[in-house]
Structures are given as C-alpha cells and as structure tokens.
Amino acid sequence: MIASDLEALAQTHGLSLLGGFHTDARDMSHFPENTQSLLLFGPMLQHFWPIFIESPEWNDGDPDPMDRWSIRNISAMAQSVGGQALFPFGGPPFLPFYSWALQSGRAWESPVKLLVHDRQGLWLSYRGAIALPYRYDLPPPTKRPCESCADKPCLNACPTQALVLGHYDVPACRAFLKTDLGTGCLSQGCTVRRACSVTLSCARVEGHSAYHMGVFNR
Ligand code: B12
Ligand code: SF4
Ligand code: SF4
C-alpha cells in the first residue's frame with residue numbers, strides 16, 4: 001500500500017489523521033531510527049464508536065479493550081506502509097503525545113491546558129501514531145481556534161471549578177464525579193470539553209465519552 005491510501009484505511013477503522021510533523025532537526029530519542037514523518041491518529045467523533053463496539057476486543061470481556069483494539073489496528077496500518085506504530089498508553093513512562101500534538105500545528109494548549117484541535121476542539125484524543133521512514137505529504141498548519149473565541153466558555157464550564165485557567169485539580173474532579181451531580185460528566189463527557197466552541201459543532205457519541213469517563217472514574 002502507498003502512504004496516501006493510509007488515510008482511507010484509517011477511516012475504515014473510524015480513525016482520522018489529526019496531524020503530524022516531519023522530524024528533521026528534532027529530538028529523535030522517542031522515534032524509531034530513520035523516522036522522517038510522524039502521523040497522529042484519533043477517533044472520528046461520530047464513526048469510531050459504532051465500529052469499535054463491533055470489535056472482538058470490546059466483546060471478549062478482557063481488560064483495556066480500546067488499547068488492545070488500537071494496538072491491533074494501528075499496528076496493521078503501520079505495517080502496510082512500512083512504518084512503526086507508537087501508542088499514548090502503556091506507561092509510565094509515556095511517550096510525549098501532548099508535545100507531539102503541539103508540534104503538529106493542528107493542536108494547541110487551551111486556556112484550561114487540555115489540548116484543543118482545529119476540527120475536534122477539546123474532544124481531541126489520540127489512539128496512536130505512525131512513524132514513517134520517509135516524508136509524508138502533510139496539510140499545512142492551521143490557526144489556534146482560541147484566538148477567535150471571544151467568550152472562552154471552557155474557562156467557566158466546570159461545575160466544581162476543578163478545571164480552570166491553566167490548572168487541573170484531579171482529586172477535586174474525581175471527588176465530584178463520585179457525587180450525584182457528577183452524572184452529566186460521567187454519561188456525556190467532561191462538561192468543559194463539551195462546552196468548547198469548536199466542540200459544539202462536532203458532537204461525540206455519548207457511549208464513547210461514557211466509556212472513557214468510566215475508566216477515569218474507577
Ligand atoms: C498521565 C495522563 C493523564 C493523567 C495526568 C495528566 C497530566 N497531568 O499530564 C490524568 C489521569 C489526570 C489524565 C486525565 C485525562 N486525560 Co490524560 N493523559 C495522560 C498521558 C497518558 C500521559 C501524560 C504524560 O505524562 N506524558 C509524558 C510526558 C513526558 O509527555 P509530554 O507530552 O511532554 O507531557 C505533557 C503533558 O503531560 C502536558 N500536561 C501537563 N499537565 C496536564 C494536564 C492535562 C489535563 C493534560 C491533558 C495535559 C497535561 O504537559 C506536558 C508537557 O507539555 C497522556 C498520553 C501521553 N502519552 O502523553 C494522556 C493525554 C494527555 N490525556 C488525554 C485525555 C483524553 C485525558 C482525559 C480527558 C481522559 C478522559 N476522561 O476521557 C482526562 C482529562 C480529565 C477530564 N476532565 O476528563 C489526551 C489529551 C486530551 C486533550 N484534549 O488534551 C492524551 C494525549 C491521551 C490520548 N490518548 O490522547 N491524563
Ligand atoms: S472554548 Fe474557545 S478558548 Fe476554550 S478551548 Fe475551545 S476554542 Fe479555545
Ligand atoms: S469531568 Fe466534570 S468535574 Fe471533572 S474537570 Fe470535567 S467538568 Fe470538571
């Protein structure tokens with residue numbers, strides 16, 4: 001398979017190319033030798049969940065179904081284009097996906113620190129990356145949506161003030177999720193992520209959000 005078919009293959013798995021970068025003159029310590037381009041893949045907000053819940057990993061009852069699904073499918077995608085798959089989970093230590101996202105020119109630090117993406121807003125997440133030993137033709141960088149977001153609703157959306165300007169109080173968030181008031185975040189996803197101006201135009205399947213919040217709330 002040629003690399004340009006990779007995005008079409010990703011879509012059959014409900015995944016989208018959410019950004020990438022060329023590795024010239026960068027710290028290569030986290031990449032396989034000879035890496036020239038790194039591609040970041042994450043769920044398509046509407047298409048991923050229905051595909052995933054049909055998979056053997058979701059239905060076999062074993063732990064970490066989404067991580068196992070990602071390893072199987074993204075590794076196969078990487079192999080088909082002569083690349084190597086890398087994953088955001090499995091640590092510590094963790095690979096620096098947050099820093100890689102910033103280098104992609106398609107994701108930025110939001111006022112609440114979570115990454116904000118040009119198309120997916122605060123819903124952004126990655127299932128894996130593919131390191132290629134050749135250059136992949138990447139689309140040009142885009143603009144940080146926060147610059148033109150006048151009201152910045154992310155700043156005041158958390159019902160318990162756990163996720164505010166530049167700070168995330170993880171124990172406060174977890175404590176809130178254990179109360180009756182936490183039901184909205186648990187079933188529909190983090191209220192801050194849902195409030196983002198970009199996110200508002202691209203809903204994510206609720207079952208998908210509930211799955212991640214359930215894992216986070218264990
Ligand atoms: C550990 C971790 C957490 C920890 C601590 C976060 C932290 N303080 O870094 C906890 C468990 C709290 C957490 C929570 C969540 N996380 Co998290 N997390 C990670 C993980 C696995 C490792 C981070 C790390 O240490 N990297 C190693 C260092 C060396 O890499 P780095 O890139 O240089 O590190 C940068 C980040 O750590 C960042 N950073 C520092 N503080 C914070 C705080 C937050 C909230 C974030 C997002 C980043 C961040 O700054 C560092 C320097 O640039 C990353 C995946 C990854 N491999 O990076 C996901 C990751 C950052 N998390 C992610 C997600 C989706 C979440 C959750 C939304 C999960 C959920 N509920 O569905 C929640 C957020 C809470 C919420 N209200 O819903 C996404 C990013 C989402 C986004 N839009 O920003 C990532 C990239 C995973 C992925 N698969 O895409 N997470
Ligand atoms: S609500 Fe506005 S300021 Fe906040 S992350 Fe989304 S685009 Fe950026
Ligand atoms: S999950 Fe709910 S309580 Fe936790 S940071 Fe998001 S909005 Fe706040």
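## Exercises on a predicted model

A polar atom in the side chain of Thr 35 sits 2.6 Å from the backbone oxygen of Pro 32. That pair falls under the term polar contact: N or O atoms within 3.5 Å, where, within protein, one must be able to donate a hydrogen and the other to accept it, and residues adjacent in sequence count only if both atoms are side-chain atoms.

Some ground rules before we start. This is a predicted model, in which local features need pLDDT of at least 70 and side-chain atom pairs count only at pLDDT 80 or more, while totals for chains, interfaces and linings use all residues. Residues are numbered from 1 along each chain as its sequence is written, chains are lettered from A and ligands numbered from 1 in the order in which they are written, and side-chain values use heavy atoms, with hydrogens and water left out.

### Exercise 1: Thr 35 and its neighbour

Work out where Thr 35 is, whether Thr 35 is buried or exposed, and what Thr 35 is in contact with.

- Step 1. Find the loop between β1 (15-22) and β2 (37-43); Thr 35 is there. Helices (H or I, at least four residues) and strands (E, at least two) are DSSP runs, numbered from the N terminus.
- Step 2. Thr 35 counts as buried because its relative accessibility is 6%. The cut-offs are under 20% relative accessible area for buried, over 50% for exposed, and partly exposed in between (1.4 Å probe, protein chains only).
- Step 3. Set aside neighbours within four places in sequence, and Thr 35 is in contact with Thr 23, Met 28, Ala 131, Leu 132 and Pro 133. Contact here means heavy atoms within 4.5 Å.
- Step 4. Now look at Asn 34, in the loop between β1 and β2. With a relative accessible area of 55%, Asn 34 is exposed, and its phi is near 75°, a positive value in a residue other than glycine.

### Exercise 2: Another positive phi

Describe the place, phi and accessibility of Asp 64.

- Step 1. Go to the loop between α3 (56-59) and α4 (65-80), where Asp 64 lies.
- Step 2. Check the backbone: phi of Asp 64 is near 50°, which is positive in a residue other than glycine.
- Step 3. Asp 64 has 43% relative accessibility, so it counts as partly exposed.

### Exercise 3: Cis bonds

Find which peptide bonds around Pro 92 are cis.

- Step 1. Start in the loop between β3 (84-86) and α5 (97-103), which holds Pro 92. Pro 93 lies in the loop between β3 and α5 too.
- Step 2. From Gly 91 to Pro 92, the peptide bond is cis, with omega near 0°.
- Step 3. Move along to the bond from Pro 92 to Pro 93: that one is cis, with omega near 0°.

### Exercise 4: Arg 127

Show what surrounds Arg 127 and which side chain it makes a polar contact with.

- Step 1. Arg 127 is in the loop between β5 (115-117) and β6 (128-132).
- Step 2. Its relative accessibility is 8%, so Arg 127 counts as buried.
- Step 3. Leave out residues up to four places away in sequence; Arg 127 then touches residues including Leu 15, Phe 41, Met 66, Ile 74, Phe 89 and His 212.
- Step 4. For the polar contact, pick out Asp 67: its side chain and that of Arg 127 meet at 2.7 Å.

### Exercise 5: Stepping back

Sum up the whole chain.

- Step 1. The chain has 9 helices and 8 strands.
- Step 2. Of its 218 residues, 47% are buried.
- Step 3. Take contacts between residues at least 6 apart in sequence: 68% of them join residues at least 24 apart.
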